[in-house]
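Subject: Structure handover

Hello,

Here is the structure I promised to pass on. Please look it over before you read my notes.

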Amino acid sequence: ILVGLPAADAWVSLFIGLLVLAGTWGLLRDSVRVLLQFPPPGLGVEAVREALAGVPGLLEVHDLHLWTLEGRRAILTAHLVLGEGVRWQEVQCEARRRLVDDLGIAHVTLQPEEGGPCPDQDCSALRVDAAPPHHHHH
């Protein structure tokens, strides 16, 4: 109004609003991912399965969970079924190397399973989902 443009105030307000929206969009998107317990962007369960598929001595992967707490760094837990006479330490080291070094997953928790079906009732073979593990069966 001072410089003779009555609409300037409205346009400046609109511009500031758009700036705020643009700045918060990334935060909003990350928050939604965290609340819905999605894997972080650019990393899916399939990529994890492919990375683990070639680990020597590893027969199956059960109860695989992949999620994030802040929208960026991935967290993974899984049960690994080993072949006969396979040393857990070797499988764990190789699996961890592939997950942490190759895929960049920030936090990996792996649990060995003796061959055969999973002892946990709610751990069906090769079930894949993106939710964190349930802690009621420990």
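Below is what I found, from the overall fold down to single side chains.

This is a predicted model, in which local features need pLDDT of at least 70 and side-chain atom pairs count only at pLDDT 80 or more, while totals for chains, interfaces and linings use all residues. Residues are numbered from 1 along each chain as its sequence is written, and side-chain values use heavy atoms, with hydrogens and water left out.

Overall fold

The protein chain has three helices and four strands. Both are DSSP runs numbered from the N terminus: helices are H or I with at least four residues, strands are E with at least two. Their order along the sequence is α-α-β-β-α-β-β. Of the 138 residues in the protein chain, 30% are buried. Buried means under 20% relative accessible area, exposed means over 50%, and partly exposed is in between (1.4 Å probe, protein chains only). The accessible surface is about 8900 Å², and carbon and sulfur atoms account for 63% of that. Areas come from the Shrake-Rupley method with a 1.4 Å probe; for residues, only the protein chains shown count as cover. Now take contacts (heavy atoms within 4.5 Å). Among those between residues at least 6 apart in sequence, 64% join residues at least 24 apart.

Phe15 sits in helix 1 (residues 8–35). Phe15 is exposed, at 53% relative accessible area. Together with Val12, Ile16, Leu19 and Val20, Phe15 forms a nonpolar surface patch of about 490 Å² accessible area. Patches take residues with over 30% relative accessible area and no salt bridge; like charges are joined within 9 Å, nonpolar side chains (Val, Leu, Ile, Met, Phe, Trp, Tyr) within 5 Å. Leu27 is also in helix 1 and is exposed, at 59%. Leu27 and Glu70 are 43 residues apart in sequence, with their C-alpha atoms 9.7 Å apart in space.

Helix 2 (residues 45–53) buries Val45, Val48, Arg49, Ala51 and Leu52. Seen down the axis, these buried residues fall within an arc of 165°, so they line one face of helix 2. The arc is taken from the directions of the C-beta atoms from the helix axis. Glu46, Glu50 and Ala53 are exposed on the other side.

The hairpin

Strand 1 (residues 58–68) is mostly covered, with nine of its eleven residues buried. Strand 1 runs antiparallel to strand 2 (residues 74–82), and eight bridges join the two. Strands pair if DSSP finds at least two bridges between them. Leu58 stands opposite Leu82 in strand 2. Five residues lie between the strands of this hairpin, where Gly71 takes a positive phi near 90°.

Salt bridges

A salt bridge here is a side-chain nitrogen of Lys or Arg within 4 Å of a carboxyl oxygen of Asp or Glu. The count is four. One of them joins Glu90 and Arg87, at 2.9 Å from N to O. Glu90 is partly exposed, at 49%, and Arg87 is partly exposed, at 48%.

Arg97 and Glu94 also meet in a salt bridge, at 3.0 Å. Both lie in helix 3 (residues 88–102), three residues apart, or about one turn. Arg97 is partly exposed, at 36%, and Glu94 is partly exposed, at 21%. Arg97 forms a salt bridge with Asp102 too, with the closest N and O atoms 3.6 Å apart. Glu94, Arg97, Arg98 and Asp102 are linked in a salt-bridge network.

Best wishes
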